[in-house]
Amino acid sequence: MKLSELVRRNMLANIRQYYLYFFSLIFSVMLYFIFSTMQYSEVITQAVSFAQGIGASFRTGVFFLAAIMLVFVTYAKSLFFKRRGREIGLYQLIGLSRGAVIRMLLIENMIMMTLAALVGTLLGLLFSRLFLLLFFEIMRFDMSVGFQFSTAALLQTGVLLLLLLVVTSWQTIKFVRKHTLVQLFQSKAETEQIREIKPVRQLMMGLAGILLVAFGYWLSGRMLNAMLLINMLVVLFSTVLGTYLVFRVSIGWLLTLYRKQMDGHLQFKHALSLAPLIHRLKSNARMLTLIATLSAITLTLVTGAYSLYYSAEEEADILYPHDFIFDDMANELGAPADFEQKMKEENLSYDHHVIETFSHDVTYQNFDQGLGIPIESNHPTIVSASDLSEAGVEVSVKPGEAVYFGGMVVPSMPEDTTVKLEGKSFELVEIKNKAALNYGVQFNVFALNDEDYRAVKPDYNSNYFTFNLEDQAERERANELYHDISPDPEEGVLYSTNVDETLKRMEMSGVLIFIAGFLGIVFLSATGSILYFKQMTEVEEEKGSYRTLRQLGFTVGNMMSGVGRKQLLFFAIPLMIGLGHTYFALKSIAFLFRTNITVPVIISISIFTLIYLAFYILSITNSRSEITRAIRA
Amino acid sequence: MSQSKSLLTARNIRKTFGTKKQPIEVLKGLDLNVEAGEFVGIMGPSGAGKTTFMNVLATIDTATSGSIVIDGSDVTAMRDKRLSEFRRKELGFIFQDYNLLETLTAKENILLPMSLGGHAKKDVEATYARLANAFDIAHVANQYPHELSGGQKQRTSAARALIHEPKILFADEPTGALDSKSAAVLLGKMEELNRQNGVTIMMVSHDPLASSYCSRVLFLQDGRLYTELHRGGRSRQAFFNDILNVQGVLGGTIHEVK
């Protein structure tokens with residue numbers, strides 16, 4: 001038989017094991033190509049005002065996608081080698097040289113990669129327009145999109161595939177070279193050595209795992225103080241280490257406790273689920289930890305992006321309460337007058353106010369901006385409450401009190417906090433996490449009662465000139481006029497506007513949600529299929545047991561009650577731990593989100609669960625047919 | 001042999017492998033009666049159809065034609081699900097390579113046939129204790145198969161085969177992977193159970209020494225029954241010599257006394 005014939009037969013025989021891997025490969029190549037296309041897309045460059053940031057975001061996305069693919073492909077490959085060790089050994093046993101076996105496997109690998117590359121790229125070409133439309137939909141752009149093709153994207157995809165090919169080929173060569181024939185024939189049997197850890201050590205490590213995770217969760221809600229950075233590192237460290245111990249020891253320990261109680265009288269479904277799980281989890285601990293932790297990070301990112309996207313407008317309004325604002329310097333150049341004139345010409349209706357402020361050294365007692373880092377003194381801007389209210393930022397301050405604008409975290413009512421300036425003391429009654437003047441103008445602002453303001457006011461001040469419009473369409477027109485006036489905003493005299501900021505936030509978070517969303521789906525699919533491959537490998541390894549069980553009079557249905565249960569746990573445990581991590585991660589950064597994140601959290605959790613559910617169903621369906629096949633043989 | 005005492009009756013068993021155009025007939029019409037309490041050995045040269053015959057009798061494999069009645073139930077007429085249940089409840093198996101589940105302890109392996117429930121835990125525990133003592137494996141109850149010696153594994157396997165008190169115990173080359181001492185221990189235990197508890201046993205072996213523990217030995221050749229030997233009241237040594245003689249005539253491999 002010629003080598004090419006052997007390769008052909010071989011691939012056909014293995015196609016059952018490979019097709020999901022093949023589909024995943026095609027899917028990832030397609031997404032990679034589409035992302036690359038979007039990275040180089042001129043349509044996007046033209047449409048988006050902050051194109052540079054968007055290009056960078058897509059570049060990052062492409063990079064992560066490549067990383068996920070690289071890890072996924074190499075991991076899947078190594079699992080396949082484990083399954084095919086005997087086959088590879090057999091070829092050598094019947095006289096094929098190592099070189100010939102390697103050549104055969106390399107050809108096989110190359111054919112598969114090339115096919116996946118072709119199909120993936122083709123699908124990418126077909127669907128890139130669809131993705132672009134979806135992207136513009138998310139970005140709320142109204143644009144027509146034609147057929148997309150980019151040579152640079154094609155090249156970039158080619159480079160990745162070449163890289164994948166080189167890595168997997170190297171992996172193949174290493175595998176065949178490194179293993180002796182005997183090892184190849186044992187590559188199934190050797191996998192899981194069943195060794196019991198000493199009970200005391202198991203108890204301690206098992207408890208330590210649970211406690212570390214619990215401590216990480218607990219601390220994650222109490223991170224906001226002077227040691228924020230250290231806290232974050234401690235949370236990360238204790239949660240990750242805890243997760244590892246939970247997978248490696250705790251779960252096995254708990255299951256063993258239950259099993260010991262049975263004193264040998266295991267129910268059949270437990271004999272085929274608990275018992276193997278106790279041993280399997282241990283050796284998969286590192287993989288499962290990685291999956292649970294990274295899933296949590298992915299979900300947190302996606303939820304965060306979603307939340308930012310939906311709060312873009314609100315966020316812009318909070319940080320840019322005035323549609324347009326000018327300072328003294330712009331006023332001297334006549335910018336506000338010019339702007340007003342232009343608006344009048346177009347009959348736009350607007351409110352115009354002048355806010356008087358001054359900056360002064362201030363000392364504090366018991367003051368922090370919400371991050372738990374105490375501040376003793378600084379140089380904020382002082383403004384009177386009525387001036388602010390008239391200009392549209394509603395606030396009322398009683399005599400002797402002060403309200404602070406510019407908190408970093410959730411709005412709060414401080415206690416026993418005093419603000420001293422010019423020898424006078426004011427009680428700080430509220431910290432608002434919004435801007436009084438636009439962000440970028442002055443962010444650190446105290447509002448005082450009018451009388452107090454006049455009393456402490458020095459003989460200098462700076463004024464801010466604000467314009468606000470009711471109507472959204474008029475506001476957008478005014479924004480255009482604003483950008484027409486001299487002096488040129490490039491010179492830094494003019495500030496960014498509410499309209500600009502809303503758009504910018506929408507675009508950035510739109511890109512983020514798009515990229516995070518698709519990367520998340522790719523990532524979860526990749527981990528899901530790795531768990532699936534793992535299960536199929538286990539079924540392969542346990543075929544002997546199934547034959548025995550059949551002879552002992554157990555039906556496939558009986559066996560599946562155990563195998564299904566084991567696989568359910570195998571998918572559900574990392575899912576649950578991943579969700580737990582996500583929950584606490586989101587809770588700890590909830591202060592960053594100005595919108596309710598319940599909806600995005602539910603959506604991402606549902607998608608996560610659905611993806612895993614799909615792989616679980618695929619896994620039990622295929623296991624059933626594999627087991628049926630195995631016991632017939 | 002009267003029909004009423006017969007525990008297993010096989011009539012005209014045929015088994016054909018291969019394609020329709022090129023059929024290979026492995027079993028060419030075999031008949032067998034096994035009475036309750038017998039210890040039947042099946043011998044014959046390689047390719048005579050020993051294992052196939054036993055697999056068919058044990059319902060692991062199906063016959064192409066013929067009928068098998070075990071304790072009044074026609075197993076050739078049974079559907080797969082019913083057959084599984086029958087196997088699980090009425091038959092016991094010992095295999096050459098033990099076939100223990102690696103992830104279960106010795107005790108869990110032994111109790112496996114009872115694991116689908118429907119038995120009082122106390123009764124199961126009592127049967128287990130008796131068997132674990134009989135096979136001298138009580139002290140390794142909580143160890144995993146890879147921690148056991150070959151002999152211990154096979155005795156565990158035997159205990160598993162008997163835990164549900166089957167009508168017949170089928171053993172396929174049970175001593176094939178054991179050293180002679182472990183083999184003697186296992187066979188001694190099987191003989192003891194057969195004599196004292198009346199357990200009916202069918203055993204395939206190519207080893208005359210192992211077969212000499214039986215009360216009757218069938219010799220197959222080329223898919224047909226060649227002859228059978230009854231031990232009667234003779235000593236094991238005498239029976240062993242007879243077996244050797246038949247084997248010599250059969251022209252199979254000639255074994256030396258170990």
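Predicted model: local features only at pLDDT ≥ 70, side-chain atom pairs only at ≥ 80, totals over all residues.
Visitor: What makes β3 and β9 of chain B a pair?

Guide: Strand β3, residues 39–43 of chain B, is joined to strand β9, residues 216–221 of chain B, by 4 bridges, whereas the rule asks for at least two, so the two strands of chain B do pair. They run parallel, and Gly41(B) stands opposite Val217(B) in β9(B).

Visitor: Why are β6 and β10 of chain B said to stand at the edges?

Guide: The open sheet of chain B has 6 strands in the order β6-β7-β8-β3-β9-β10, with mixed pairing. Because β6 (91–94) and β10 (224–230) of chain B each have a single partner strand, one side of each is left without a neighbour in the sheet. Direction ignored, neighbouring strands of this sheet are turned by 20° against each other on average.

Visitor: Which helices of chain B lie across or pack on these strands?

Guide: Helix α5, residues 150–162 of chain B, lies across β6 and β7 (168–172) of chain B, and runs at about 170° to β6(B). Helix α8, residues 236–250 of chain B, packs on the sheet and touches β9 and β10 of chain B, its direction making about 160° with that of β10(B).

Visitor: How do you know which classes of residue chain A brings to its contact with chain B?

Guide: The contact takes 18 residues from chain A and 26 residues from chain B. Elements that give two or more residues to the chain A side are α9 (268–271), α10 (274–283) and α19 (543–551) of chain A. Asp, Glu, Lys and Arg count as charged, and the side of chain A that touches chain B has no charged residues, but 8 nonpolar and 10 polar ones.

Visitor: Why are residues such as Val101(A) in α4(A) called buried?

Guide: A residue is called buried if 20 or more other C-beta atoms lie within 10 Å of its own, and Val101(A), Gly120(A) and Phe135(A) are among the residues of α4(A) that are buried. Helix α4, residues 98–138 of chain A, also bends by about 45° at Phe127(A), and is followed by Arg140(A), whose phi is positive, near 60°.

Visitor: What pLDDT does the predictor give chain B?

Guide: Chain B averages a pLDDT of 89, and 95% of the residues score at least 70. For the complex, the predictor gives an ipTM of 0.89 and a pTM of 0.83.

Definitions and conventions:
Residues numbered from 1 in each chain as written. Chains lettered and ligands numbered in written order. Axes fitted to C-alpha atoms, helices over the stretch in contact; angles between N-to-C directions. Contact = placed C-beta atoms within 7 Å. Bend = angle between axes of the 7 residues up to and from the residue. Buried ≥ 20, exposed ≤ 12 C-beta atoms within 10 Å, placed from the backbone. pLDDT = per-residue confidence, 0-100.
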